[in-house]
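Hi there,

Here is the structure I promised to pass along. Have a look at it first, and my notes follow below.

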Amino acid sequence: MSSPVKVRPRNEGRRVAVATMIGTTIEWYDFFIYANTAALVFAQLFFEPLGAQAALLVSFATVGISFLFRPLGAIVAGHLGDRVGRRAMLVATLVLMGAATTLIGLLPTYEQAGLLAPILLVLLRILQGFSAGGEWGGAALMAVEHAPEGKRGLYGSAPQLGVPIGMLLASGVLAITTAAFGLEGFLEVGWRIPFLLGVVLLVVGYFIRRSVEESPVFLELREHKARAKMPLVELLRKHWWLVILAALTFAGNNAAGYMSTGGYVLSYATTVHEMDRTAVLWCVTAASAVWAMTTLLGGWLSDRWKSRRNVYLLGYALQILWAFPLFMLVDTQIVAMVLISLCAWMLSTGLTYGPQAAYFAEIFPSHLRYSGVSLSYALGAILGGAFAPTIATWLQQSTGWIGSVSIYLALMAVVSIVALLVIKDRWGRPLIERDVVQAEAEAPAPVR
């Protein structure tokens, strides 16, 4: 028999939601600073000997390489999050991300250190990917497991907001920096400043995340000794199909996000059409603000409609419809059209991102939840966003037709729709299974 887990007072849930949002904002500011700087200058600073086109492809590939290490971060943080607790992982992943970001800002360039420079850059990007793989699951579960009854989607959208807000902050800082230093100054020293700001944000985020209370779901599991001994092994043995399907529900969203605000449109507009970098960065910044609002809307609607799936389906339908207009408006080379294009695209992205924390939390059992949501998120990021800018750059260069990229984005949305239709929508299910707790409580003590 199941009954809903007891939640703490509503003001406690709000405080935790805000804390997870702020921490996730800082974490993803660090992550997106790399993606956007890779689109702007890393090809010249670290990979110039390869030639312009190959250097850009490799620069985008370093963005994708970090995604390959997200599952490792998800496995480690998932195991510890299910065994030790959600909060400890939130603090550890934030510290790791902040340290890697700050060190990137101190790196020598290829001109200064030769081959050592790109090697160190890739290693630090791998650390960012490891951190990102473990961070999201903890933030999502802390927000959802503290949420009042009937408001998991809304509260779960709080850490989701950290991604577009982190992008807004990253693109805004880059826009200000490029405007202040100009092209030559930015290439020489200005690119380092957004990375070095990471140490300030790290300190702020550390103290905020240390202040939150542990998840009530985890505390109850610990009290009744209902934690899995080997969460990953049990997850893959009993729920491997659910991990794959959940990953696919996220893949379309991740492809959309990394193609638009994650660097490709910025690179396409400034490299192919030679538009002003600062102007396009401000468009990306505005689109990130729209992404934040529609993410909040997506979480709220998933509670209001009593269905996470239906909100997802609406978002992916809009992604398919806007895949071609997205680049047609950018091809006008008019800043206002680029702004409209990106802001409209963010409507679909937000609707497919806002419900995700609550959706993932509800489909996995409580004692395996951190491992399940983290691994699904990490695999979805690989399948969707890891090499999306690289794939898009290759498609555009090899076909000479930007419409091939639009087809790619539409197909990714179709894949996610199919996965959503296969998984049962478990809106409102109890976040802790009483039968699991009861079985563990009644289990005989081991013979010594």
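A residue counts as buried when its relative accessible area is under 20%. By that cut-off Glu 145 is buried, because its relative accessibility is 0%. Please keep in mind that this is a predicted model.

Salt bridges first: there are five of them. In one, the side chains of Glu 145 and Arg 369 meet at 3.0 Å, N to O. Glu 145 sits in helix 6 and Arg 369 in helix 17, so this pair ties together parts 224 residues apart in sequence. Arg 369 is buried too, with a relative accessible area of 0%.

Another one pairs Arg 308 with Glu 362, with the closest N and O atoms 2.8 Å apart. This pair links helix 14 (residues 308-330) to helix 16 (residues 356-363). Shared partners join Arg 152, Asp 303, Arg 308 and Glu 362 into one network.

Glu 234 and Lys 238 form a salt bridge as well (3.4 Å, N to O), and these two lie in helix 11, four residues apart, about one turn of the helix. Glu 234 is buried at 17%, while Lys 238 is partly exposed at 42%.

Now the pocket, which may interest you. The largest one has a volume of about 450 Å³ and is lined by 20 residues. Among those nearest its centre are Gln 53, Leu 56 and Thr 271. Helix 12 gives the largest share of the lining, six residues. The lining divides into nine nonpolar, nine polar and two charged residues.

Finally, a nonpolar surface patch of about 520 Å² includes Phe 69, Ile 75 and Val 84. Helix 3 contributes the most to this patch, with four residues.

Best wishes

Key. Residues numbered from 1 in each chain as written. Predicted model: local features only at pLDDT ≥ 70, side-chain atom pairs only at ≥ 80, totals over all residues. Heavy atoms only, no water. Patch = residues over 30% accessible without salt bridge, like charges linked within 9 Å, V, L, I, M, F, W, Y side chains within 5 Å. Areas by Shrake-Rupley, 256 points an atom, 1.4 Å probe, with all protein chains shown as cover. Salt bridge = Lys/Arg side-chain N within 4 Å of Asp/Glu carboxyl O. 1 Å grid on protein atoms, 1.4 Å probe; cavity = no way out; pocket = protein on both sides within 12 Å on 5 of 7 lines; lining within 4 Å. Points joined across faces, edges and corners; volume = space filled by probe spheres on them. Nonpolar A, V, L, I, M, F, W, Y, C, P; charged D, E, K, R; others polar. Buried < 20%, exposed > 50% of the residue type's maximum accessible area, 1.4 Å probe, protein only.
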